[in-house]
Each structure stands twice: as structure tokens, then as C-alpha cells.
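Okay, thanks for coming, everyone. Let me put the chain up on the screen and then walk you through what I looked at.

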Amino acid sequence: MPVDAAVHAAPPYPYRQSAQRDGQIFHKLHLGIAMANPANMRPFLWPALGKLLLTLSLLFCPAALLSEPGNPYDTERPEFAALAELEERAANLTLGAEQDASARRRTIEAWQALEAAAAREILSDGQPHPLVHASKVKIASQLYALGENGAARERLEAGIDSLRPYQAYYPGTWAEGLALLGVLMTQDGDGEAAWPVVVEGYRSFLETSGTGARSDEDDGLAMSRSNLEFALAEIAARTGRSEEAVAFQKTSLETREAALGPNHPDTIASYYGYAGALRRAGRMEEAERTARLAVERAVEHMDSSHPSYARALEMLGIVLSRSGRPIEATDYLVRALELKREHEGSDNLVFGYGIHNLATILLQRERYADASPLFVEAEALFRQKQGEDSPYAIGSLAYAAQIDFAEGRAGEAVGKFSALEKRLGDQSSDLDMQRRIAPDFIRALLATGDTRASSVAQDFQASVLRTEQPDPILLRLAHTLAARTAADGDAKPAGSAITEARGLVELLERRGTAEMRGNVPAEERSALDLAMEIAARQNDAPLMLSAMALLTSSALSQATVHRADRMREDDPAFAEALRALQDADAAVETADGMLLQALANGERTLEMRTALESASARREAALSLLKSDFPAWSMTSEGMGAPNLRDLRNGLQPGETLLAVVPAYSGLYILLVDRQGALATKAGAGRAQVVALARSLRDDIVTGRDDEEKSRELAAAILTPSVRARLSGQTSLRILAGGALASFPFAVLDWAENEPGVSRRLIDRFALSHVSGFNLFPASADKDRKLARFVGFADPAPFGGAEPEILRSQPMRGISGFFDRSGPDETALARLPRLDASRKEALDVARLFSSGSASVLVGQEASEGALSDPGIRQADVVLFATHGLVAGEIEGIAEPALVLAAPQQPASEDGLLTASEIADLKFNADWVILSACDSAAGMGGGLPAFSGLAQAFRYAGANSLLVTHWRVRDDIAAFVSRETLRRWQEHGDKAKAFQEAIVALRDKSGIPDADRPAFWAPFVLIQG
């Protein structure tokens, strides 16, 4: 609503008691906006433009007016005593501790009572008391918090128009109403237009009102300033000004904390808002610290019914989802959603935001089937409450369309994206929404042969270039998409597509995937999928390798990441050197983006090239310093750097091939490397189809069904004719399987060609081993085949002593179920069954060793403390016949772990040998056998199940590992372990020894059912 001359006509009288209370009530406005705003994935503009209207209203009501005596409408006047009592009650309810839906209904009733009484209070000019109009604004605020936007707007428009002549007496209420009306009016997200206006409004506000609160009476001004800063932060984030967003969000927090104190709900809201800004800027460590602080203060100082309580949990979940702890993140989001349902109901926008947030985390975890219906539900709720043009409805539908594309339904994705394009209308300049829509829309158009792909890509590129400070990754992605669509129809993409794809991957490398601890975010996964598609079309093996390494490294680096974290905490000099590298990476990224933009716009580039060269030199210097002064860092995921094709080829033996099979976003890609060269290609089916088939076949095998037809179908998709041709004549395969396929037993794939009815497994054709990452290549050189010393850990003393049936009957959710917020959950660990038969397995293997050179530790001896004995760690073979907590996803303290003996009281250890603890040990073992550990916990789209433990043992000095994809019979485990070691002693080839052991198990062991895949297929040899 425009500000007109009526504002100036209001008499220059102050607000006193009611105005001070007005200011206090206004504190709730930001809370309401923060409650309604997800403050999470992408900030939307509507809170900001609402506060722009607030700013303009305050500029027309200078602070000087507030110091004049004589407000004729003050409810402290005796004639308004009845109104004062009703106003006091309504204000107290508004500011009360209870903020759930029922409390808001009571608050609405209180303001309605005041509204009715004020309407009966006719003044000397024949008009009712202006509180009748102010009450409408207060009622509208409560209706908005309940998600009843239509009713709220109706009240607002009537209240603000009628309150206009009295603005000087009710500045806080006037501002609250204008801001809220702006929220409801500004659904178009035009951040670029709002930015200069709000910046100027903020500057003028500071000049008019001073720099902050000077007394309790000035709280309203301080909050107005804080909300303006919040608005500027939101608009800055919305328009790609990430550093300015962080700066304004921090200033808003400081203003609010100075006025209200650190534990006020609105201050806590600012803390989680600041955490969101830090997250968007990629400053994840600071974001997590700030989000955790918000949660701690909420728990200590707030009732769980207060909206900020749930919002703080929600923000921490969002931050955790981007720092590699997706299960923990999901737990926080589910808890926040439960609180919203309980205290605010489910038929409102607040609940819709919660559904949307949870769905977004599930999307990042590749749980598409779970995420899609939540997005559909959220979209319907947003559309119902906010209308067809709601940016949240559009955003939810965009995510649903992304899932369609990722799941191989390109036609359905095109339909949804096309509908979104029409609904956006003038919002098509919204860069944040384009980021979400354009990349997958373009690729879906390409997949369906739609000729619009090129024009959509060009429009997207032009839109990004028009942005004042475009995100460098978005800029690279736009260029790559434009080059890819320009090349469509050619046998191979144009050279520019390869060049742009390489630049995109290099930028992602510099940004540091060590921060992607867990699932790579969907946006980055999609970008890498694009680069891999281009690499496959061009058979560009180096590009394919770089993209694959990025997609798999964050899933394979947990142990070394924990080690790097401890190094940072223990060594300030290391932390400073690492920060210097991160700052240099950021400088290179900025300079590269400026150069790209200048080139695309036809501008002079000499200055930008010089800046890029300078930043690159600074990065090289920081990298050299880290490698020279902190050699241990070189073995972390950050320090190992990107792999290269030459090292891979040099690490292979004659007749040996590396086969990397990586499900990306919509595609599944294959890289073969041997001593002669490499092949980069794409699977014969999409990611969704292959993963679904692999999951189905794996489930069949585990449950005792052997579907040979599925085996042949899956083999045809992965082992395409070009792959088979490359493997001709090879005898050994090292397999790197990414994503959900990391838990699939490749040994069962059917290799037979043109032989109907004949089943020949991959394990029959090739000696198989797995690698846990490209950077661990080449494998350590084999040691002397003489096995001098064996140590076995078996049947450790259980947690909880006996096994109560009530504990055993309770289901476990995965690795997170074994941990609470402070450490291992002994009640959960007590549900694990005893492993009595594992003693026999350990003794069976021990018979390969001479008398006196083998030790089997059982019961209480199989403890963490035993590993402090250097003699044990010097053993050639170490066997852990115990439970392994290795889930499909890794989070927080719940890293991969082996369950050893329950600690005796008092004890320094907790009975769990975690990956980061393993990485700190020094082993001499040529073999580590993780037997009966259930070391691959399913194919839920998470991390490779054995990777954390494998890399931890490798880092600690162990050479090779023998693990299992699922729990196995003790007699079969003992046979495979014993035969693999015995045959390796004979000829020294580990992969061949493993192959021979599996073949012997199936054909010659005489063990019942040993020829069924359910019993022989789970075994995995890891080398490198």
C-alpha cells in the first residue's frame, strides 16, 4: 500500500504506555516471519519487502514525533480505563510463553474483544477509538501465524487503511501491519528491485533514529533496525550476495541481542537465522556452532510449545544435512515437525514448511520415493494458503519435477517444469528459482528430444550473467549447459562443452568436497552428472575420473575427515594454515567467476586474468606449506587431492583392470582403466533403473532366491558391449562401486555371452577385489607371505549382560539408533545378539599358524584396551568376529564402529572401536578380516557401507581387508577366511586367492547350501 499525504496529516503526538507495549508486541513480527519462513534452503523475499514497507512508514514518522507529550488516545487516560484492561490482556497473551495454535486462538479472541469495545467508544469527532483499527492488525498477525492468509490480508487492508490518520500514535502497530501486508502482497520475489530501495531505507533509518537502543523505551526502534538488517540479509542471500547476507544477518543478531539479551526467543530466532546465512555462504563449521547454540538456548530457556523451539531444531537439522550427518539431520527435522503438528496444527503454512524441509533432506539422501509425496503435499498446502503463484508452491513442485528427472521420468519432468515456467510468469528473473528449475529442465528437454533445450539454456545463461554477483558454480553450470545444448545432435559435444565441464569440476574440487560429509547435495550431484554425461559422449577419461572422484570421495573419507578435525582442534598452526588454503580457494573462485562473466559480456579481461593468476599462486603457496609442514594432512581426504589417470594406470598389474561404476543423478557412468588406456562410457540404462534392479536382485539373493534373469539384465546394463570388449583378455578386476551399488555383490553378475541357459558368474571369469576410493591407488605392495602372528577378537562380552526379550524385540533404525547425543546407547547395544559361534571361527583361522603365534581374545578380553598392546597391533592377520555398526549413511559421532567387549566400570573406553579411533592406531597387518560384521547395511542410496572402516584400517597401516555385505554363517565365514589366506600363502595373489576360495566353497567344500549366492556372495576383498 503506498504511503500518501495522510501520514503527514497526523498530529505530532507521542506514544507512551501503549506505544511502548506496541514496540514490544512488534518484537513478535520477526518471530512470526521466521516461523513462517523456512529460513533454510533458499531464503524468499516476502519478509524483506514487508519490512521495506515498515521502513518507509517509519521514515515518515520521525523519532522526534515520539517525544512530544499529549496523546489523546492513550489508554492511561481515565476515560479509557476499560479499553486499557482489555488491551493489557490482549498484549499479555500476545507476548505470553504459550505460542501454540490454541493460544493464538485465545489471543485473537482477546483482540476481538478490544476491537468490539473500541468500536463502541465513540470520540468527540464522531469516530471510534483508533484501537478498533489497531486491533485488526494484531488479529491479522495471529491469523497469519496460523496460516490463514486470506483472512489475515482482509483484516490488514481494512485495519491499515483506517489506522492511517493515527499512525503517529501507533507507529509499531502501523509498521507491523505494513510489513505483514508486504509479506502477503509480495509473492513475486523481486529481490534485485528491492535491494537498492531497502539499502537506502536502512541508511535513512539509521540517520533518523540513531544506531541502536538507548533505553527500554527504544526497544521498538532497535527491533525495527534489527528487522531491517534481517530483511537486507534475506534479500542479499536471495540475490547472490552471500557475504553481505552474512554481514547483515550478524548485525541484525547483534542489534537484537543488545536490546533483548541472549536468551530472548527473538534473539534465539536471530541465532538460527544467522546459522542459515552462514550455511548458504558455505561456512559450515560456524553455521553448525551457531545452530547448536540456538538449540541449546531454546532447550534451556524456552517452552517446547514456542515456535522458535521447533525452528531452532529445524535449522540445526538443515545445517547437519549439509555437513555429512543426514540421519541426525532427519531426526531433528522430524522432531521439529512433531512439535509443529502438536502445537500449531497441520493445516497451515508452518506445517507446510516443515514438510518441505524434511522432503528436501530426504531428497539429498536420494530417498526419492519418500521425498516426492511430501513435496506434493507441501505444494498443495502452499497453493491453498498462498495461491498459484506462491514461490513455496513453485519450489516444492520444482523439487518434485527434479525427482521425476532423477528417477528417469524425463517426460513427466518436462510436463511439470513447463507448468512451472507458466506459473512463474514475471518471476522468471528470480535467479534462485531458476537455479532450481533450469538445469534439470534443460536436461529433461534434451532427454526427450525437445528442441526448446537450447533456448532455455541460453535464457538461463543470460539471466545468470545479468546478476551483479553470480555464484561461480551457477555461472559455470550455465555456461556448461549452453555449450551442451549447442552440441546436441553432433556425434560428440563441441570442445567448448568439454572445456566448460572441466572448469565446472575444477571449481567443485576447489570448493572442497570435504565439507560434503555424506551425500553430495543434489545440486552438485546434478552438475557432476552433467559433466560425466559430457565425458561419456566424448570418451574423456580424465574428466570422468575427476567427476567420479568428487562424487565418491565425500562418501569415502569419514575416518580421515575426523582425523583432520582433531588436527585442527589440537594444532592452531595447522588450523591457520588450512584456513589460508580455504581463503585462497575462495579467492580463486571469485577471480574465476569475474573472468568468466567478463568474457561472456565482451569486457576487457586483463585485470581479471591478473587477479586469477595471483589468486592461483597464493593457493599453490598455501598448499605447498600444508604439505611440507603438516605431512599427516596429506593422508586426509582434503590433503590427498584429486586422483590422476597416470597413477591409476601405473598401479595396475598386467591383466588387471579398474572398473568404476558410479550412479550419479539421472545417469549411471562407467570408467575402465588398464595399463593400455581407459574407457569412459555410460551404462545401458539410467541410474534409477539400474539401482532398482540391483536392489531387487540383492534382496532376492539375501532371502534365498536366485533370479538369474535379473542377473543377466543387470549385467547387460553395466557390462555393455564396449565394456566387455575392453575387458577381453583381462583376468582381474578391481571394482569401485559408488552410491547404492557399493552394497551390491558384483560377484553374482552373469558373464556368459550367447549361451542360453548357462550361468557363469563374474567371480568365475575374473579375480575380483574392491577399492574404497581412487586416492588409495595403487595398493600397498604385498609383504612377505609368511604369516607369523595372528590375533582374533571373537564373541566379546555383551552389553547389558543378559539379553532381555523386550530389548531383542525392539527394532533398530540403523547406526544412529545405537547412539544418543552424548555417546553410545548401551540399551540399544544390548539388543545385539551374542556371537558364541564366532569363537570357533577364530580358532579355525588360528590353526593356520604355528603354536604360540596365534591368540584368540574372547569375552572381556576382546576389548578396546587390548589394542593398546603393541604386540597385538604388530600381528600379520587380525580378525574381528564381532558386530560392525556400518550403516548406509554416517553421521555425527555415529561413525562406523566395531562392537567390542562392554566396558567394565570404571573404564576409559566405551566398547566401540570407531573408524577415527582405528585411524589413530598403527597396524602392521597384511590382512584385516571383519567377519560376521554385517558390514554393508543395505542399499538405501547412502554411503558405501564398508568404506569408513576400510579407509581407517588402511590409514592405520593395514594392507587388505576381507569384509561381508551381509551377515554370514560362521562355518562358511571360517572356510572363506582360512582358504583365502592358505591359497594366498601358496602364490601371493590376493584377488586370485579370494576367487579360488569362493569357487572351492561352492564346488568342493561339501558345506550344506554353500553353492547358494545367499551364502557365498556377500564376501568382499578390499585392496586399496
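A word on naming before anything else: helices (H or I, at least four residues) and strands (E, at least two) are DSSP runs, numbered from the N terminus. Residues are numbered from 1 along each chain as its sequence is written, and side-chain values use heavy atoms, with hydrogens and water left out. Please keep in mind that this is a predicted model, where local features need pLDDT of at least 70, side-chain atom pairs count only at pLDDT 80 or more, and totals for chains, interfaces and linings use all residues.

So, how far does the predictor trust it? pLDDT is the predictor's confidence in each residue, from 0 to 100. The chain averages 76, and 74% of the residues score at least 70. Residues 887-894 fall below 50, and that stretch has 35 contacts in the model beyond near neighbours in sequence; contact here means heavy atoms within 4.5 Å. Residues 935-945 also stay under 50, with 53 contacts beyond four places in sequence.

Now the overall picture. We have 43 helices and 16 strands. Of the 1024 residues, 63% count as buried, and buried means under 20% relative accessible area, exposed over 50%, partly exposed in between (1.4 Å probe, protein chains only). Take the contacts between residues at least 6 apart in sequence: 75% of them join residues at least 24 apart.

On to the inside. A nonpolar core is a set of buried Ala, Val, Leu, Ile, Met, Phe, Trp, Tyr and Cys residues joined through side-chain atoms within 4.5 Å. The largest one has 126 residues, and M532, M544, M548, L671 and F774 touch the most other members. Helix α18 (residues 391-406) gives this core its largest share, 11 residues. Leaving out residues up to four places away in sequence, F774 touches a list that includes L545, M548, P643 and L736. There's also a second, separate core of 70 residues, with I735, L768, W966 and I998 among them.

Aromatics next. Rings of Phe, Tyr and Trp (its six-membered ring) pair if their centres lie within 6.5 Å; planes under 30 degrees apart count as stacked, over 60 as edge-to-face and the rest as tilted. We get 14 such pairs. One is F417 with F441, tilted, at 5.5 Å centre to centre and 35 degrees between the planes. That pair links helix α19 (residues 410-424) to helix α20 (residues 431-448), 24 residues apart. F417 is buried at 0% relative accessible area, and F441 is buried at 2%.

Another is F790 with F849, stacked, at 5.3 Å and 25 degrees. Here F790 sits in strand β6 (residues 790-796) and F849 in the loop between α37 (838-846) and β9 (854-859), 59 residues apart. F790 is buried, at 0%, and F849 too is buried, at 8%.

Most residues other than glycine have a negative phi. Which way does phi go at D795? It's positive, about 40 degrees, although D795 is not a glycine. D795 lies in strand β6 and is buried, with a relative accessible area of 2%. N539 isn't a glycine either, and has a positive phi of about 55 degrees. N539 lies in the loop between α24 (522-538) and α25 (541-553) and is partly exposed, at 38%.
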